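Below is a short briefing on one protein chain, for use beside its sequence and structure.

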Amino acid sequence: MKKLFVSALVTTLLCIGSNVHAQNEIKFKEFKLDNGLNVIMHQDKTTPIVAVSVLYHVGSKNEDPERTGFAHFFEHLLFEGSENIGRGEFMKKIQSIGGTLNAYTSNDQTYYYEVVPSNYLETALYMESERMFHAKIDTVGVNTQREVVKEERRQRYENQPYGTILPEVLKRSYHVHPYQWPPIGSMEHLNSARLNQFMDFYKTFYVPNNAILTIAGDIDYDQAEKWIRTYFAEIPRGTKEIPRPTVTEPRRSKEIRDIIYDNIQLPAVIEAYNLPRKDHPDSYALDMLSTYLTGGNSSLLNKELVDKEQTALQIAAIPLDLEDGGVFLLYGIANMGVDADSLEQSIDVQIEKVKAEGISEKDFQKLLAQVENAVVTQNSSVAGIAENLAESKVYFGDANEINREMEKYNKVKREDIQRVAKEYFDKSGRVVLHYLPKSAQPVNAVQ
């Protein structure tokens with residue numbers, strides 16, 4: 001829920017209007033099984049497809065600090081098969097019926113989904129029930145997926161220019177909260193983990209009372225509920241206490257500054273600021289601020305730094321709105337001949353301008369148009385609706401939050417954009433990283 005502007009490639013402005021229209025109501029039915037599984041169903045018969053998803057409320061923040069990377073590892077491991085589905089058959093089965101499937105892990109959740117022809121709804125439900133109840137966790141699967149995760153880490157982090165930004169920012173932004181490591185976790189922890197530790201993690205988190213099952217698409221409510229009860233009601237409720245972070249990360253009051261030498265050609269500047277909890281009212285204004293800064297070619301930082309000054313080759317503002325409080329990332333790659341200090345100064349000048357002057361009414365109307373487009377877009381598919389219903393239930397305690405999102409953006413006033421910039425873009429509490437080419441590293445410096 002509320003993932004509108006978290007990508008550097010934010011939706012380009014399509015139109016400018018003076019009013020944001022109310023979003024179409026998304027109707028749904030929900031019930032809860034005796035084992036604690038929450039079920040949400042949305043009927044849409046316009047296309048003969050259905051999305052089936054299971055959100056497990058487990059991410060990297062739920063891990064043992066000495067066993068990081070488990071949640072992401074299980075994202076892969078639970079495709080290995082089950083007691084009744086052969087190894088490697090999970091993906092083949094869904095694809096053979098014309099479906100698509102995927103999964104992802106974040107700091108807060110692990111999410112699995114399939115989109116299949118609606119006449120195969122029962123098949124998808126059966127397979128997700130197998131993942132929840134009869135997952136195959138053995139030495140062969142664990143060793144196979146260890147290698148898969150190692151390769152992913154090499155490709156996304158170690159061998160990717162600027163690929164270590166997230167872990168480098170998180171470990172400096174969080175000192176007490178387990179957000180301090182990214183979902184990929186530690187390869188050393190995964191390598192040293194024993195099979196019984198993987199089994200314990202599965203039995204703790206991948207249980208019905210820690211999950212939301214969501215179905216959206218061409219369904220019959222009564223038949224869908226019957227199948228759900230057939231395949232999920234027999235799964236026992238988890239008996240282990242589900243670990244949740246009990247610590248609150250103190251708001252930083254001192255700037256943390258560092259240099260990272262990387263295999264890159266152009267310097268980069270990263271600034272990270274404190275963000276409130278995901279469900280905080282200010283998160284909507286901060287979302288809008290991020291798109292004002294870098295949402296499309298006409299955004300402030302793109303116009304000023306990329307087009308006019310040409311100090312930046314690329315610029316992005318990304319609010320990582322996390323359940324217990326995230327970080328707002330400003331990320332810029334310097335243009336040829338521009339050093340990191342100059343780029344940082346250029347970024348800061350524009351941020352200080354927003355804090356001092358706010359934004360114009362014309363630009364605010366642009367933001368409203370972008371919000372409307374983004375909300376409509378993310379709920380334009382049954383897969384998107386399934387995901388947003390699940391996240392509404394988990395993070396706001398009410399699936400109907402999906403229908404209140406536009407209302408909450410409408411409550412944001414132009415003055416709120418300036419206010420949150422002043423409140424959260426505090427230099428005394430930020431993390432600043434300069435990424436420099438390894439060729440610039442002093443001979444005796446230790447990385």
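The chain exposes about 19300 Å², and carbon and sulfur atoms supply 49% of this area; accessible areas come from the Shrake-Rupley method with a 1.4 Å probe, and for residues only the protein chains shown count as cover. This is a predicted model, in which local features need pLDDT of at least 70, side-chain atom pairs count only at pLDDT 80 or more, and totals for chains, interfaces and linings use all residues. Residues are numbered from 1 along each chain as its sequence is written, and side-chain values use heavy atoms, with hydrogens and water left out.

**Overall build**

- The chain has 15 helices and eleven strands; helices (H or I, at least four residues) and strands (E, at least two) are DSSP runs, numbered from the N terminus.
- Along its principal axes, the C-alpha trace spans about 60 × 60 × 40 Å.
- Of the 447 residues, 58% are buried (buried means under 20% relative accessible area, exposed over 50%, partly exposed in between, with a 1.4 Å probe and protein chains only).
- Among contacts between residues at least 6 apart in sequence, 82% join residues at least 24 apart; contact means heavy atoms within 4.5 Å.
- The chain carries 50 positive and 63 negative charges, and their mean positions are 1 Å apart. Lys and Arg count as positive and Asp and Glu as negative, while His and the chain ends are not counted. A charge is placed at NZ of Lys, CZ of Arg, CG of Asp or CD of Glu.

**Helix α1 and Phe 74**

- In helix α1 (residues 70-77), eight of eight residues are buried, among them His 72 and Glu 75.
- These buried residues pack against β4 (100-105), β5 (110-117), α4, α6 (187-192) and α7 (195-205).
- Phe 74 lies in α1 and is buried, at 0% relative accessibility.
- Beyond its neighbours within four places in sequence, Phe 74 contacts Tyr 112, Ile 137, Phe 198, Phe 201, Tyr 202 and Tyr 206.

**Leu 305 in helix α10**

- Leu 305 sits in helix α10 and is buried, with a relative accessible area of 0%.
- Leaving aside neighbours within four places in sequence, its contacts include Gln 310, Ile 315, Leu 343 and Ile 347.
- Leu 305 and Ala 369 are 64 residues apart along the chain, and their C-alpha atoms are separated by 24 Å.

**Positive phi in loops**

- Tyr 162 is not a glycine, yet its phi is positive, near 65°. Tyr 162 belongs to the loop between α4 (139-158) and α5 (165-173) and counts as buried at 13% relative accessibility.
- Gln 310, also not a glycine, has a positive phi of about 55°. Gln 310 is in the loop between α10 (300-308) and β9 (312-320) and is partly exposed, with a relative accessible area of 47%.

**Glu 387**

- Glu 387 is part of helix α13 (residues 382-396) and is buried, with a relative accessible area of 15%.
- The side chain of Glu 387 makes a polar contact with the side chain of Tyr 104 at 2.4 Å. A polar contact is a pair of N or O atoms within 3.5 Å; within protein, one must be able to donate a hydrogen and the other to accept it, and residues adjacent in sequence count only if both atoms are side-chain atoms.
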